[in-house]
There are 2 protein chains.
Amino acid sequence: MRSINCSACILKSTAVKNLTVSELNILGNNCAEAVFKKGDIIFKQNALSSNIIYLRTGLIKLAIEGPQGTQIIRLKKAPCYLGLPTTMGDKINQYSAVALELSTVCFIDIHAFKELLRINPDFTYEILIRMYKNELEQFHRCVKLVQNQVYGRLAGSLLYLAEEIYASQEFNLPLSRSEIGDMIGTSRETVSRMINSLAQEGVISISGKHIKILNKSLLEKISQKG
Amino acid sequence: MRSINCSACILKSTAVKNLTVSELNILGNNCAEAVFKKGDIIFKQNALSSNIIYLRTGLIKLAIEGPQGTQIIRLKKAPCYLGLPTTMGDKINQYSAVALELSTVCFIDIHAFKELLRINPDFTYEILIRMYKNELEQFHRCVKLVQNQVYGRLAGSLLYLAEEIYASQEFNLPLSRSEIGDMIGTSRETVSRMINSLAQEGVISISGKHIKILNKSLLEKISQKG
DNA sequence: GTTAAAATATGATATTCATCACATTTTTAA
DNA sequence: TTAAAAATGTGATGAATATCATATTTTAAC
């Protein structure tokens, strides 16, 4: 594995900011960087893995093959770790990661990562806190998926993109209608219909992948009411 | 907080087994044990919390108030930690825990717990691994809930109870029809109908809360096919 | 043991949404 | 630039399941 200079990296994770110079050297000596274009598979479900994966720049989707096809379990935006759960608890990837835009990824050797966990409690604590927050977010996502109807789920996912991913009321959808369906558990036809329905109600305007939220409070109401 | 003797505890968590005698004393000096009867609330969503909660014996449900009423996000069987995600990342409980049978719980002061995380890497690593596994399990649960139809979800939850909770083909349901509905995202009427439907098909036999799985492989097929 | 309350069962009806079929538009590749 | 492939839009239909209504059974309280 090629050595890279993590000390000089200006896109360190919150956890890595706790590392000393020598610890950063351990990291840099066991780390490789790679760039992925939109659509590229970063790692694949059921493949063996021996790396922790850090998303340095970009946006990706995590997807699981379920009983009825693909389910997009979540989007992840840099900076964050992608492969923690898959590589630590289990050697086999339990899901796939696919780039939704040009993304930079660091592959960290799992033994080096474990060594850092062993020697730096602050680093470890940050990782733990991040995991806790993920678990909570996942609980809430799941509740919304199970309890809301499709119209509300769609509204919720558009709000999520606007708020969490793009921090803007206007953006280009990083997903096809079919992928949005895979994310909220419905068919591509229903996504089409409901996106156009939202546009007709004047809640959003849509043109191809370009979307603009016109009435955020109403969209929030739809997202909550179902 | 009363001091208890964690060294002598025969129901230690995998993580706690890594602690030294002096570390166990830190734990014991910052730990209180309590017993909860069936139906008792162990902690409540939106309440402030300053404890890590270890389920020593018993069975509980974790529930979130969603937009359309209560959602049971998961059952947890001793031995395990209940309060990790709620108390670490966030001071306010994001969900409630309710005893489904007589349960013993240890309340661990969060500062003592953090101190153990700081001083014992093996302890911390076990906690991390447990978190990773939880996240994966949660992903899979969520995919099944979103993709399967109610009949399959019900079959899945009955299998889960038989395999993971009771390790037996025959047991008493710890949940009412209505609670099962809250767990799989459907109405109590539909649960009633489908439980009886499974019984008519000869897949299970049911009498009140007492359930016996008669045709496990068919139940698994239903659980997978939806 | 009796009564009230809660849980469960079950039919009828309405709604949501998947699926199929096919048209149209957009993107990709040669 | 053109052809092929992929993505999207939209109507018709049917299946799954929520909801409402009401009866029955079980459990809890006094």
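**Entry 1: DNA strand D**

I began with B:Ser187 in this predicted model: an N or O atom of the B:Ser187 side chain lies 3.3 Å from a phosphate oxygen of DNA strand D. I count this as a polar contact, meaning a pair of N or O atoms within 3.5 Å. (Within protein, one atom must be able to donate a hydrogen and the other to accept it, and residues adjacent in sequence count only if both atoms are side-chain atoms.) I then found B:Glu189, with a side-chain N or O atom 3.4 Å from a base nitrogen of DNA strand D. For A:Arg193, I read 3.0 Å from a polar side-chain atom to a base nitrogen of DNA strand D.

Which elements give two or more residues to the surface near DNA strand D? I noted α6 (177–184) and α7 (188–200) of chain A, together with α7 (188–200) of chain B. α7(A) gives the most, with 5 residues. Helices here are DSSP runs of H or I with at least four residues, numbered from the N terminus. "Near" means that a heavy atom of the residue lies within 4 Å. I found 18 residues around DNA strand D, the closest being A:Ser192, B:Val150, B:Thr186, B:Thr190 and B:Arg193.

**Entry 2: DNA strand C**

Next I looked up A:Arg193 again: one of its polar side-chain atoms is 2.8 Å from a base oxygen of DNA strand C. B:Arg193 has a side-chain N or O atom 3.0 Å from a base nitrogen of DNA strand C.

I laid chain A on chain B and got an RMSD of 0.0 Å, by a turn of 180° and a shift of 0.0 Å along the axis. The two copies are thus related as by a two-fold rotation axis.

**Entry 3: bookkeeping**

As the model is predicted, local features need pLDDT of at least 70 and side-chain atom pairs count only at pLDDT 80 or more, while totals for chains, interfaces and linings use all residues.

Definitions and conventions. Residues are numbered from 1 along each chain as its sequence is written. Chains are lettered from A and ligands numbered from 1 in the order in which they are written. Side-chain values use heavy atoms; hydrogens and water are left out. Copies are superposed by least squares on the C-alpha atoms of residues with pLDDT of at least 70 in both.
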